[in-house]
Structures are given as C-alpha cells and as structure tokens.
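Subject: Structure handover, aromatic contacts

Hello,

Here is the structure for you to open.

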Amino acid sequence: MTGSRGRFITVEGIEGAGKSSNLEFIKQLLEASGKEVLFTREPGGTPLGEEVRQLLLGHRHTGMADDTELLLMFAARAENLEQKIKPALEAGIWVLCDRFTDASYAYQGGGRGIDKMRIQQLEEWTQGELRPDLTLLLDLPVEVGLERAGKRSAPDRFEKEEVRFFEDVRQAYLQIAWDQASRVKVVDASTPLYEVQAHITETVHDFIQTGS
Ligand code: TMP
C-alpha cells in the first residue's frame, strides 16, 4: 500500500439505529473535506452481492442454516472487496461502507451463536490484513430501534427475529467497541438527530485530522 491509500470507514448498528440518514451525512462531511468517497453496503454493493442480499433478507429461505447465512455474508463480502473496496482504497479513494465484518460478529456470532473463531477464519481468508480504519457504532436500546424500524417498511428476514436476538447483537457490538476502542467509536443514537450528527461530525473530523 502506498501513502496515498484511501481510508476505510464502516457504520454499524442494530435495526432502527439511523444508519441510512447518517451515512449520507458522513459522506457529505468527507466530501466537504475534499475526499473522494465510494459508498457501498453489505450484504450487497456489487451485482452479485445484491443478489446474495435478496437471498439473505428475503423470505424465500426462512429456515436457512446459520452456517449458510454466515458463508453467504462472506461470499458477498469477498465480491465487494475484490470488485470495489480494494481497488478504490488502492486508488486513494475513501470507502464508506454500510455494515461490514463487525456485523457478522454481532449477528452471526452474537445473535446466532456461531463460534467467533469460525468468523475470524473467514475474516482472515477474505480480507487478509485489511480492516476498517474507523467504525462508527450507532447504539441505542433495542426497543427504541425496533419501534423505529417497524414504522419504516415490511420486516425483512432479520427484522422478524425476537427482541432477545437483537439484545445479543447489541451486546456483541458493544463488546467489539470495548475490545477495539481505538477503531470503533460508539455514538449514542437515542439522542435527537442534531446531537447524533454533532457527535459524528466531531468523530469524523478528529479522524481526518489524526488518522489520515
Ligand atoms: P440493513 O441493510 O438494513 O443493514 O440490513 C442488512 C441486514 O443484514 C441486517 O439485519 C444485518 C444483517 N447482516 C448480518 O447479519 N451479517 C452481516 O455480516 C451483515 C453485513 C449484515
């Protein structure tokens, strides 16, 4: 990697944490600082990945095995990495990704109970040493998130899970933030949007100044 490599920023959180509106806000912050930004999402981001996303989020395969779910997440990720993320970073473009491997640790690890070592093996296989440079974890109580998400649209295959599942996902995310505090910044997403965005602005500006 050269000194002009782009930076890799990911945004995580449970359902209803406000990722969508804040992702657009983060993209604008980065562009206002003169960065060229590629936006992508997981699962998805590439034509193949978007098809895999439909398999994962749709209701055609409700009884999908946990391992199948994990492997499909990483199949979509491998494609996104090779086709979009790595070429962009190498070209000096900043990549902003709506969810990444922390979501596999949180949902498939925390939520489904898959052994963390399994996920680590897939992470090393598909990513090598590549990890996000900054992750914003939008955190809020599960009931608040699910209520917000419920008002939006028909629930996808994950949104149909029980509250308990999302409690486990949230705890797994918070544990990652605790273990990797220099990379993962927790933003309290239960506060009014202007406060959330003030916190995000401060975090992103700090990162641009010190981390780029
Ligand atoms: P979203 O686009 O609303 O974030 O939906 C994506 C869903 O996929 C969300 O419920 C989280 C889930 N997911 C996983 O379970 N594991 C993963 O690795 C990723 C990227 C997403």
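Predicted model: local features only at pLDDT ≥ 70, side-chain atom pairs only at ≥ 80, totals over all residues.

Residues are numbered from 1 along each chain as its sequence is written, and side-chain values use heavy atoms, with hydrogens and water left out.

Six aromatic pairs turn up in the structure. Rings of Phe, Tyr and Trp (its six-membered ring) pair if their centres lie within 6.5 Å; planes under 30 degrees apart are stacked, over 60 edge-to-face, the rest tilted.

Phe-8 and Phe-100 have ring centres 4.9 Å apart and planes at 80°, so they pair edge-to-face. Phe-8 is in strand 1 (residues 8-13), while Phe-100 is in the loop between strand 3 (94-98) and helix 4 (101-111), so the pair ties together parts 92 residues apart in sequence. Helices (H or I, at least four residues) and strands (E, at least two) are DSSP runs, numbered from the N terminus. Both Phe-8 and Phe-100 are buried (under 20% relative accessible area; exposed is over 50%, partly exposed in between; 1.4 Å probe, protein chains only).

Trp-94 and Phe-207 are also edge-to-face, at 5.9 Å centre to centre and 80° between the planes. Trp-94 sits in strand 3 and Phe-207 in helix 8 (residues 193-211), 113 residues apart. Trp-94 is buried at 6% relative accessible area. Phe-207 is buried at 9%.

Ring pairs also join Tyr-107, Phe-158, Phe-165, Phe-166 and Tyr-173 into a cluster.

Best wishes
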